[in-house]
Amino acid sequence: MFKEKIVVITGAGTGIGRAIAKLFSENNAIVCVTDIDIEKAEETSKECINKSFFYKLDVTNKNEIKSVFDNISKSIGKYEILISNAGVSTMNYIENLTENDWDLNMNVNAKGVFLTNQEAIIYFKKNKIHGRIVNTASLAAKIGAPLLSHYSASKFAVVGFTQAAARETAKYGIRINAVCPGFVKTSMQEREVKWEAKLRSISSKQVIDEYIAQTPLGRLEEPEDVAKVVLFLASKQSDFMTGQSINVTGG
């Protein structure tokens, strides 16, 4: 499906990003794994069954983004797909949130999407490439999440940016969509479960049971559940879709 197509994936060292990288690789793509943790990026790259490359990338650093993306285009070839997946979270009640909490979430989750999309759009337009971009938003981008007001704000921003960017670039044949995962079983979720349990004075098991109870399909989401939808949005099967933010939440 993606034979010899070059795909750039941010935040691909762990979790959803790693699952996305592996699935694209299984579908014959050339995967460029990027992550702020170069060792994790290398681990993901080694798990890809097709040709893959790995890079250290801080998505809040405009110059670093340009350098890495230019390196990919010059040393590997024209990339046609960007998966802007890098994200972070912290958790607290609104009155206890710090400006650092707010800035971290907005900088990585929202600004990171903007900067990486911007660089890819410039490249696609310059090279007349009908590129595809998939941004990772969240269920918290559709329904504000308690204890995650700052995170929700950053992910709502991703949805709004995706819609606007898609409308602006459609005339160039560029498609931009987003996915909105639910309660995904990742290392990020493990941290959040511990934080929420402590903040609410309940057990981690109670937190997880609540996540499952809120999911009609009755289980925690796997990273692979998200990766399959990302693959679809980057494929020809979704050629008449742009500006969408697709729930992948188990209902």
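Which residues are exposed on the other side of helix 6? In this predicted model, the exposed residues on that side of helix 6 are Glu190, Lys194 and Lys198. Helix 6 itself comprises 14 residues, 187-200. The distance from its first C-alpha to its last is 20 Å, close to the 20 Å expected at 1.5 Å a residue. Its buried residues are Gln189, Glu192, Val193, Glu196 and Ala197. Viewed down the axis of helix 6, these buried residues fall within an arc of 130 degrees, and they therefore line one face of the helix.

The packing partner of the buried residues of helix 6 is helix 7, which spans 204-213. The axes of the two helices, helix 6 and helix 7, come within 8 Å and cross at roughly 110 degrees. Angles of 65 to 115 degrees count as roughly perpendicular, and helix 6 and helix 7 are therefore roughly perpendicular to each other. The crossing in which helix 6 passes helix 7 is right-handed. On the helix 6 side, the contact involves Gln189, Val193, Lys194, Glu196, Ala197 and Arg200. These residues meet Ser204, Val207, Ile208, Glu210 and Tyr211 of helix 7. Gln189, Val193, Glu196 and Ala197 are buried in helix 6 and also take part in the contact with helix 7. Lys194 likewise meets helix 7, although Lys194 is exposed.

The crossing of helix 1 and helix 8 is right-handed. Helix 1 contributes Gly15, Ile16, Ala19, Ile20, Leu23 and Phe24 to the contact. Their counterparts in helix 8 are Pro223, Glu224, Val226, Ala227, Lys228, Val230 and Leu231.

Helix 3 covers residues 62-75 and contains 14 residues. From first C-alpha to last, helix 3 reaches 20 Å, close to the 20 Å expected at 1.5 Å a residue. Ile65, Val68, Phe69, Ile72 and Ser73 are the buried residues of helix 3. Around the axis they cover an arc of only 130 degrees, which puts them on the same side of helix 3. Asn63, Lys74 and Ser75, on the other side of helix 3, are exposed. The buried residues of helix 3 pack against several elements, including strand 1 (6-9), strand 2 (30-35), strand 3 (52-56) and strand 4 (79-84). Helix 4 (99-126) is also one of the elements against which the buried residues of helix 3 pack.

Two individual positions were also examined. Thr249 is located in the segment that follows strand 7 (245-248). With a relative accessible area of 15%, Thr249 is buried, because buried denotes a relative accessible area under 20%. Leaving aside residues up to four places away in sequence, Thr249 touches Leu139, Cys180, Pro181, Gly182, Thr215 and Glu221. Gly160, by contrast, belongs to helix 5 (residues 149-169). Gly160 has a relative accessibility of 35% and counts as partly exposed. A distance of 9.4 Å separates the C-alpha atoms of Gly160 and Ala141, which lie 19 residues apart along the chain.

Technical notes: Residues numbered from 1 in each chain as written. Predicted model: local features only at pLDDT ≥ 70, side-chain atom pairs only at ≥ 80, totals over all residues. Heavy atoms only, no water. Helix = DSSP H or I, 4+ residues; strand = E, 2+ residues; numbered from the N terminus. Expected span 1.5 Å × (residues − 1). Buried < 20%, exposed > 50% of the residue type's maximum accessible area, 1.4 Å probe, protein only. Arc of directions from axis to C-beta. Contact = heavy atoms within 4.5 Å. Axes fitted to C-alpha atoms, helices over the stretch in contact; angles between N-to-C directions. Parallel < 35°, antiparallel > 145°, perpendicular 65-115°, else oblique. Left-handed = near helix turned anticlockwise from the far one by under 90°.
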